[in-house]
Amino acid sequence: MSMNRDKKLLTALAVVIIAVVLIGEVLAYANVREYNANVTYRDEEASWSVSSNGSSNFNFVISDNGTFTATDEYIIYYDETYCTAYDSTKMTVIGQMNAQEYYIDQLIKTLAYKGVTDIAVVDAAALAEKLTGDLAETDCTTALIVVSGALPATVYTGQTDDLILQWLDNGGRLYWSGNALGRYYSTENELFKVSGYQELFFGIECLNGEIDDNKAYEDVTANNYRYVLSLSNNQTLYGVDSSNLSNCLTLGYTDGQYSSIALVQHGNGMICIFGGNYTDYQRADLSQVIAAGLCYCSEIVYENSGSVIRTTVTGTAQLLSATDNYAGYIYIGGYFPSFGRTFYS
Amino acid sequence: MMIFLMDYFSSTWHAATPTRRIVILLLIGLLIRVVISPFITYDYDVYAWALILSNVDSGNGLYELTGLYYTPVWGYCLSFFGGIINAFSSIDVFGFRFTDLLPIEDNWYCGHIATLTTVGFGIAMKIPLIATDLLVGYLLYYLLRDYLGNEERALKGAAFWLFCPIVFYMSTVGTQFDCVSALFLLLTIILLRRNMNLLGGLIFALAGLLKFFPLFTITILIAYLVAQGRPGTTKQKAENLGKFAIGTILMTVVILLPDIINGDLSKSVSFITSRFSTLFSGGESIKMTVLVLLGLIVVIIATYRTYVADAAKTDDEFFRHLLMILTPTMMVSLMPQYAIALLPLLIIMAAKEGRAYSLCLAVIGISTVLDPLAVNNTVLAVNLVEWYGVGNANWIVWTMGRAAADFNLEHFILYGTLVAEGFALLLTFFLTIQPFFTKNHFRGRVKAIDRLFDGANWALNKIRGYEYEP
């Protein structure tokens with residue numbers, strides 16, 4: 001090869017490499033992916049559609065939520081001045097940035113692309129104010145997400161008439177991860193341990209309060225949510241044993257006694273427990289269950305999945321009744337989700 | 001039959017023109033990679049690439065969601081591959097979580113995951129890496145042919161790279177991108193030798209921001225650009241340096257710009273900062289400080305000697321000093337894939353100086369691949385089990401359990417490979433500094449020191465198989 005031709009080929013090679021990197025840079029930040037989803041309920045049918053301008057797969061599940069009304073507002077408790085009781089040392093998946101603040105930041109961003117955007121972060125004082133305000137309403141439809149491992153003393157001190165318990169009785173929905181629910185409450189200076197905490201929230205002792213890590217290696221087979229929601233977290237530490245609980249939905253994975261996820265009725269409200277210590281998987285499942293609009297009485301009435309490759313896929317789901325309370329959740333990406341939307345009847 | 005086939009290939013090889021020979025090598029390199037890549041996979045890294053792509057697809061860029069811990073260049077490459085997948089392919093499912101594989105996540109080595117990427121996605125990620133392997137092989141051939149003026153040695157160099165076990169493993173099985181790091185550094189060297197300094201600067205910035213090891217070579221590259229032995233006036237050399245600097249700075253700014261604007265700069269360089277903070281933490285900090293000081297002395301001497309090298313020896317000194325600088329940086333953290341970035345330089349030296357460097361190359365190439373094979377064991381067969389239905393997951397879980405039970409044996413292999421790699425790197429380093437043993441300021445002053453230098457020279461010459469003359 002002549003020197004001149006050499007130089008031309010080397011230039012071409014370098015330019016191609018630079019082009020690959022720079023086009024990749026544009027694609028990484030230009031937000032070129034477009035998704036859309038829709039569900040329309042009419043009579044005993046649900047017409048649905050999902051579209052993507054790329055190569056994607058979708059999952060669609062319709063749950064019958066009985067008489068449980070949809071959540072319309074989400075609040076996350078985070079107060080850096082209050083003590084916490086979570087263990088973030090065991091990370092089974094990629095990443096070590098596992099502090100509570102990071103977990104919440106990631107959860108909000110994950111929920112956002114799944115269509116859940118009405119989220120407020122509240123401190124201990126604002127939480128008490130919010131829950132007190134909810135008590136004045138006849139039918140509370142607010143959900144509270146707590147990942148601190150300890151509720152603040154402003155709403156919980158281990159007493160039967162605590163604000164958090166009244167709020168749950170009135171229809172509040174509590175999503176919990178990070179420790180055994182109710183085992184601790186905290187102030188700015190101290191963490192207090194509560195005895196008989198399980199009875200306060202569940203009426204019986206049913207939590208896996210072991211300190212060692214517990215894992216499950218079987219699917220919950222009572223329903224198919226493990227697959228239709230692409231659930232990943234198989235930790236059962238702090239998880240719920242539902243065998244003696246009524247109005248409880250378990251999903252995800254089970255070690256034979258405890259499950260990785262459980263939704264339990266409490267008064268007019270609901271408690272949702274996510275087993276284990278902080279992991280990316282746990283957070284992924286938390287966002288899926290929230291986005292799917294599940295409750296303790298949810299039942300799958302329709303499920304579908306397939307490819308949606310640079311096109312729009314449509315379908316019709318046959319429902320049991322025109323008057324039931326349905327939540328249809330469509331998401332794209334399976335175990336690597338990138339879009340989700342929920343549609344209530 | 002075997003003899004007939006060997007005769008056939010031998011006669012075909014000898015009858016082929018040089019161009020055909022390199023094509024034959026590249027085709028064989030491609031064939032073995034294509035045959036293996038759908039079936040054998042290391043699960044963890046390719047999972048991470050799928051996660052990063054889904055983060056990008058969700059509109060969260062590279063660093064908003066958990067996933068990417070490398071500097072952005074690899075993220076941009078992934079994003080480009082993702083764009084190709086989205087625009088042209090029918091790969092719609094990235095992966096699936098297998099319940100029967102869950103126990104592998106609890107193995108003592110935590111780098112395994114039951115969420116297994118699909119064969120299609122894995123191949124889509126491996127194709128660019130395999131292409132990179134082939135490209136590096138060809139560039140080595142091209143450079144060696146020009147540098148040594150010897151076709152046979154150039155072909156040998158390409159073959160060393162294409163059939164090096166760790167190179168093959170990391171692209172075809174591990175889906176790790178260290179071959180891209182090798183490509184960027186090698187291309188930088190070739191461009192600078194051709195006086196294409198602006199492009200050289202642009203590519204060098206990509207090399208440094210992909211994995212930081214090439215950054216350590218910057219003073220050698222600069223010294224080479226302005227070396228006394230290179231043709232050109234002082235003004236021309238200053239221009240060359242200016243173009244290289246502009247290229248490097250420009251590309252660095254362009255690459256990091258989104259992270260600067262988004263306030264993600266600390267995340268985007270965390271691959272570098274986290275490793276440095278680990279290396280300089282606790283009791284390690286004293287050791288590392290001493291090593292850094294020694295390293296600085298080596299860098300200063302190597303840079304100076306590159307600058308003052310005779311005209312006839314400018315390239316020789318350039319390659320030798322690049323290897324001299326890179327080798328100790330690999331010894332600080334003996335991760336098997338890291339060594340790939342220095343392999344092209346080691347191959348250049350092996351092709352030029354023969355046996356001793358070839359020995360180092362063989363030990364590094366084999367020991368580094370034994371490391372992941374020992375650690376990952378039968379998990380490498382997860383694709384076969386879950387996607388092709390060969391065997392079952394219990395078999396993988398059982399063998400991993402056995403391996404954990406034979407923890408001492410596994411660690412013996414692991415430490416054995418690390419020691420072998422460490423010794424090979426150390427020998428490489430001593431080979432690169434051998435001229436210092438022959439001629440230095442301490443010579444002829446103290447007899448004991450002279451004997452030490454003579455002894456080192458003698459030992460290294462024994463390994464070389466000839467009397468080395470700098």
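## A sheet and its helices

In this predicted model, Ile261(A) has Phe274(A) of E13(A) as its bridge partner.

Zoom out, and you'll find E12 and E13 inside an open sheet of eight strands in chain A, ordered E4-E3-E5-E7-E13-E12-E11-E10, with mixed pairing. Strand E4 (119–122) and strand E10 (218–219) of chain A sit at the edges with a single partner strand each, so one side of each has no neighbour in the sheet.

| Helix (chain A) | Strands touched | Angle with E3(A) |
|---|---|---|
| H2 (residues 100–113) | E3 (73–77), E4, E5 (142–146), E7 (173–177) | about 165° |
| H3 (residues 124–135) | E3, E4, E5 | about 145° |

## A serine in a loop

Staying in chain A, look at Ser338(A), in the loop between strand E15 (326–332) and strand E16 (339–344). Is Ser338(A) buried or exposed? With a relative accessible area of 5%, Ser338(A) is buried, because the cut-off for that is under 20%. Its side chain makes a polar contact with the side chain of Tyr35(A), at 3.1 Å. Leaving aside residues up to four places away in sequence, Ser338(A) touches Tyr35(A), Tyr113(A) and Ile332(A), and also Ser54(B), Asp57(B) and Ser58(B) from chain B.

## Over in chain B

Helix H16 (residues 343–353) of chain B is mostly covered, with ten of its eleven residues buried. Among them are Leu343(B), Pro344(B), Ile347(B), Met349(B) and Glu353(B). Just after H16(B) comes Gly354(B), which takes a positive phi of about 85°.

Next up is helix H17 (residues 355–376) of chain B, whose axis comes within 7 Å of that of helix H22 (residues 447–464) of chain B, crossing at roughly 80°. H17(B) and H22(B) are therefore roughly perpendicular to each other. Which residues do the meeting between H17(B) and H22(B)? From H17(B) come Arg355(B), Ala356(B), Tyr357(B) and Leu359(B), while H22(B) brings Lys462(B), Ile463(B) and Arg464(B). Sorted by class, this contact has four nonpolar and three charged residues, with no polar ones.

Methods. Residues numbered from 1 in each chain as written. Chains lettered and ligands numbered in written order. Predicted model: local features only at pLDDT ≥ 70, side-chain atom pairs only at ≥ 80, totals over all residues. Heavy atoms only, no water. Pairing = 2+ DSSP bridges. Helix = DSSP H or I, 4+ residues; strand = E, 2+ residues; numbered from the N terminus. Contact = heavy atoms within 4.5 Å. Axes fitted to C-alpha atoms, helices over the stretch in contact; angles between N-to-C directions. Parallel < 35°, antiparallel > 145°, perpendicular 65-115°, else oblique. Nonpolar A, V, L, I, M, F, W, Y, C, P; charged D, E, K, R; others polar. Buried < 20%, exposed > 50% of the residue type's maximum accessible area, 1.4 Å probe, protein only. Polar contact = N/O pair within 3.5 Å; in protein donor to acceptor, adjacent residues only side chain to side chain.
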